[in-house]
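Subject: Structure handed over, with notes

Hello,

Here is the structure for you to look through. My notes follow below it.

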Amino acid sequence: MTEQVVTAAWYKDARLAFAAWTALGAAVLAAAAAGSSLSLDLLTRGAPAAHEHATPANVGAPEIGRPIPTSFGSFEVASAIKTNGLTAKALAGRTHGIHSLVRASKQQVTTSVLLTNGLKRTLEYSPRWFSLRIGKAGKTYPVMVWTRTTGSLVSGASIDLNLGFVAPRKAGRVWLLFRDPGSGRHVSVDLGRSYQAPAGVDAGYHHH
């Protein structure tokens, strides 16, 4: 009696499994009929590529909001904010001893950068891969403040870095520069326009 019950249960499970596979096959056939190119993409895409330097397709010129391929995966500038420094008048004359004071003749540029590790190993990254440039001048400005992180990014993971720069208020385009640590390639991302600071804008500051 027990053997008959077990056998009946086995056949019941087999029928359910067969029905599930049949439904799945029908769904795949329906998808193929709806669009062979979509089916081909789903069947061939599968798992991420296993090569060491996995990079996304380059879909255009570097710009804010567009993933940019790198030797380790990609980076994307999510946002950029330019803030003019404060005048002595705005500070009510209290210009002495203020930590990280940005004078009116300068600007603070804050960017949010998304790093993605497409390698099969942990990535050791650095905010020093990035710098700032204004206009066509060759002078660049290093990162002054950044998100305090461990500096390690496991395979397949992403991290959002907030990078802060301080640079003169000059007329011209502001560019975020990226130096790829693997290939040595340099990439420039346009962050928008900057305007010249008025003459004498730093009047009233204490001189040291």
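**Around Leu-115**

Leaving aside residues up to four places away in sequence, Leu-115 touches Phe-72, Ser-74, Phe-75, Tyr-125, Phe-130, Leu-153, Ala-157, Ser-158, Ile-159 and Leu-161. Please keep in mind that this is a predicted model.

As background, nonpolar side chains tend to be buried together in soluble globular proteins.

**Aromatic rings**

Six aromatic pairs are found in the structure. In one of them, the ring centres of Phe-75 and Phe-130 are 5.6 Å apart and the planes stand at 80 degrees, so this pair is edge-to-face. Phe-75 is in strand β2 and Phe-130 in strand β5, 55 residues apart, and the pair links these distant parts of the chain. Both Phe-75 and Phe-130 are buried.

Trp-129 and Phe-178 have ring centres 6.3 Å apart and planes at 80 degrees, so their pair is edge-to-face. Because Trp-129 lies in the loop between β4 (123-124) and β5 while Phe-178 lies in strand β10, the pair ties together parts that are 49 residues apart in sequence. Trp-129 and Phe-178 are both buried. One aromatic cluster is formed by Phe-72, Phe-75, Trp-129, Phe-130 and Phe-178.

**The five-stranded sheet**

In what order do the five strands of the open sheet lie? The order is β1-β2-β3-β9-β7, with antiparallel pairing. β1 (68-69) and β7 (145-146) stand at the edges with a single partner strand each, so one side of each has no neighbour in the sheet.

You can follow the pairing strand by strand. Strand β2 (residues 73-84) is joined to strand β3 (residues 106-117) by 11 bridges, and Glu-76 stands opposite Leu-114 in β3. β3 is in turn joined to β9 by 11 bridges, again in antiparallel fashion. Here Val-113 stands opposite Leu-161 in β9. Two bridges join β7 to strand β9 (residues 158-168), and the bridge partner of Trp-146 in β9 is Leu-163.

Ser-194 is in strand β11 (residues 186-194). Is Ser-194 buried or exposed? Its relative accessibility is 3%, so Ser-194 counts as buried. A polar atom of the Ser-194 side chain lies 2.7 Å from the backbone oxygen of Lys-170. Not counting residues up to four places away in sequence, Ser-194 touches Gln-107, Arg-169, Lys-170, Ala-171, Gly-172 and Val-174.

Lys-170 itself lies in the loop between β9 and β10 (172-179). With 34% relative accessibility, Lys-170 counts as partly exposed, because that class runs between 20% and 50%. Beyond four places in sequence, the residues that Lys-170 touches are Gln-107, Ile-134, Tyr-141, Ser-194, Tyr-195 and Gln-196. Lys-170 and Ala-197 are 27 residues apart in sequence, and their C-alpha atoms are 6.6 Å apart in space.

Regards

Methods
Residues are numbered from 1 along each chain as its sequence is written. This is a predicted model: local features need pLDDT of at least 70, side-chain atom pairs count only at pLDDT 80 or more; totals for chains, interfaces and linings use all residues. Side-chain values use heavy atoms; hydrogens and water are left out. Helices (H or I, at least four residues) and strands (E, at least two) are DSSP runs, numbered from the N terminus. Buried means under 20% relative accessible area, exposed over 50%, partly exposed in between (1.4 Å probe, protein chains only). A polar contact is a pair of N or O atoms within 3.5 Å; within protein, one must be able to donate a hydrogen and the other to accept it, and residues adjacent in sequence count only if both atoms are side-chain atoms. Contact means heavy atoms within 4.5 Å. Two strands pair if DSSP finds at least two bridges between them. Rings of Phe, Tyr and Trp (its six-membered ring) pair if their centres lie within 6.5 Å; planes under 30 degrees apart count as stacked, over 60 as edge-to-face and the rest as tilted.
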